[in-house]
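Reader: I would like to learn to read this structure feature by feature. Please give the general idea each time, then the case.

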Amino acid sequence: ALLLVGGGGWLVAGRALRPLRRIRQMAEQVTAQGLDQRIPVAAEDREITRLVQVLNSMMDRLEASFNQASRLSADASHELKPPLAIMQGELENALRTAEPGSSQQQVFSNLLEETQRIKTITRGLLLLAQADAGQLKVTLEEVDLSAALEGMVEDTRILGADSNLRFDLEIQPGLWVKADRTLLQMAIRNLLGNAVKYNEPGGSVGVTLTAADGQARLTLCNTGAGIPPADQPRIFERFYRVRHSDSGSTEGLGLGLSLAREIVHAHQGRLALKESKPGYTCFTLVLRLHPAH
């Protein structure tokens with residue numbers, strides 16, 4: 001009798017909890033790119049049906065708000081591009097005609113630098129808005145990642161010249177990937193730029209590119225203060241900037257790492273913080289290899 005009662009209770013409880021398990025599974029699948037998913041309504045129980053309807057209504061409101069925010073960011077970024085381009089052109093003309101060494105030339109130079117900075121922010125916001133909407137355009141082509149990385153490192157050496165940084169390279173030649181060259185270079189340049197910006201005078205930057213299990217693995221490491229443990233889970237959040245304990249200041253815009261991760265995800269790759277401690281920070285980027293000709 002006890003076995004029968006226990007078995008019957010187990011069956012009844014399992015049947016009663018089945019709709020809740022289905023709701024949980026659907027809720028776990030909802031992401032920023034999957035806000036259009038809804039929980040199917042089943043007429044198993046009136047209260048469960050009402051709960052599903054409430055959750056679906058909430059998802060409708062979330063999707064509408066998210067889409068509106070994404071459109072606003074994309075539209076604002078798109079509308080800012082023409083006036084910024086005009087401003088940059090006018091400032092470049094004014095800078096060429098200004099008397100060398102004059103205060104006017106210095107003012108025009110500063111304004112041009114700030115305009116270029118705003119253009120960078122605008123482009124980043126537009127790309128992030130497109131990624132949120134699942135509309136980030138990736139034009140795939142065969143890219144020699146080894147050769148492209150060597151070129152980007154040479155450009156980065158110029159940024160680190162004033163700090164007397166040492167670059168330790170271990171780049172396996174002939175590694176090809178299928179990627180959008182412009183976007184991929186943007187992501188890697190962000191990582192290289194951070195490795196220089198957050199380094200220390202006389203420090204080093206380590207760049208390693210290897211192949212294993214059909215994947216290209218890029219590891220970028222640098223000396224420096226490191227990322228505090230409390231900040232590490234949030235470094236890929238947009239507009240989140242690490243506050244340095246030594247100076248109490250923050251640097252950058254908080255978009256570089258977020259944009260780099262979105263670009264890597266659009267290539268079905270992975271970007272992660274491997275390790276960070278005082279004196280050492282290391283990121284890894286993994287992409288699928290493409291057979292070379």
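Reader: Is Asn164 buried or exposed?

Author: Buried means under 20% relative accessible area, exposed means over 50%, and partly exposed falls in between (1.4 Å probe, protein chains only). Asn164 is exposed, with a relative accessible area of 60%. Asn164 sits in the loop between helix 4 and strand 2. Its phi is near 55°, a positive value in a residue other than glycine. Helices (H or I, at least four residues) and strands (E, at least two) are DSSP runs, numbered from the N terminus.

Reader: What should I know about the model and the numbering?

Author: The model is predicted: local features need pLDDT of at least 70, side-chain atom pairs count only at pLDDT 80 or more, and totals for chains, interfaces and linings use all residues. Residues are numbered from 1 along each chain as its sequence is written, and side-chain values use heavy atoms, with hydrogens and water left out.

Reader: Which value does phi of Asp213 take?

Author: Phi of Asp213 is near 55°, positive in a residue other than glycine. Asp213 belongs to the loop between strand 4 and strand 5. At 78% relative accessibility, Asp213 counts as exposed.

Reader: Which residues is Asn199 in contact with, leaving aside neighbours within four places in sequence?

Author: Contact means heavy atoms within 4.5 Å. On that basis, and with those neighbours left aside, Asn199 is in contact with Leu165, Ser204, Val205, Asn222, Thr223 and Gly224.

Reader: How do I read side chains along a strand?

Author: In a regular strand the side chains alternate between the two faces of the sheet. Take strand 3 (residues 176–179).

Reader: In which sense do strand 1 and strand 3 pair?

Author: Two strands pair if DSSP finds at least two bridges between them. Strand 1 (residues 141–144) and strand 3 are antiparallel, over four bridges.

Reader: What is the strand order in the open sheet of five strands?

Author: The order is 2-4-5-7-6, with mixed pairing. Strand 2 (166–171) and strand 6 (270–277) stand at the edges, each with a single partner strand, so one side of each is left without a neighbour in the sheet. The twist averages 10° from one strand to the next. Strand 5 (residues 215–222) and strand 7 (residues 280–288) pair in the antiparallel sense over eight bridges. There, Arg288 of strand 7 is the bridge partner of Gln215.

Reader: How do I check the length of helix 5?

Author: The expected span of a helix is 1.5 Å times one less than its number of residues. Helix 5 (residues 181–197) has 17 residues and should span 24 Å; its end C-alpha atoms are 24 Å apart, which agrees. At the N-terminal end, Asp180 is the cap: a side-chain oxygen lies 3.2 Å from the backbone nitrogen of Thr182.

Reader: Which way do helix residues point?

Author: An α-helix has 3.6 residues a turn, so residues three or four places apart point the same way. The buried residues of helix 5 include Leu184, Ile188, Leu191 and Ala195.

Reader: Which residues touch the most other members of the largest nonpolar core?

Author: A nonpolar core is a set of buried Ala, Val, Leu, Ile, Met, Phe, Trp, Tyr and Cys residues joined through side-chain atoms within 4.5 Å. The largest has 45 residues, and Leu149, Val177, Ile188, Val207, Leu209, Leu218 and Leu285 touch the most other members. Helix 5 gives the most to this core, with nine residues. Not counting residues up to four places away in sequence, Ile188 touches Leu145, Leu149, Met152, Leu218 and Leu285.

Terms used:
A polar contact is a pair of N or O atoms within 3.5 Å; within protein, one must be able to donate a hydrogen and the other to accept it, and residues adjacent in sequence count only if both atoms are side-chain atoms. Axes are lines fitted to C-alpha atoms, for helices over the stretch in contact, and angles run from 0 to 180 degrees between N-to-C directions.
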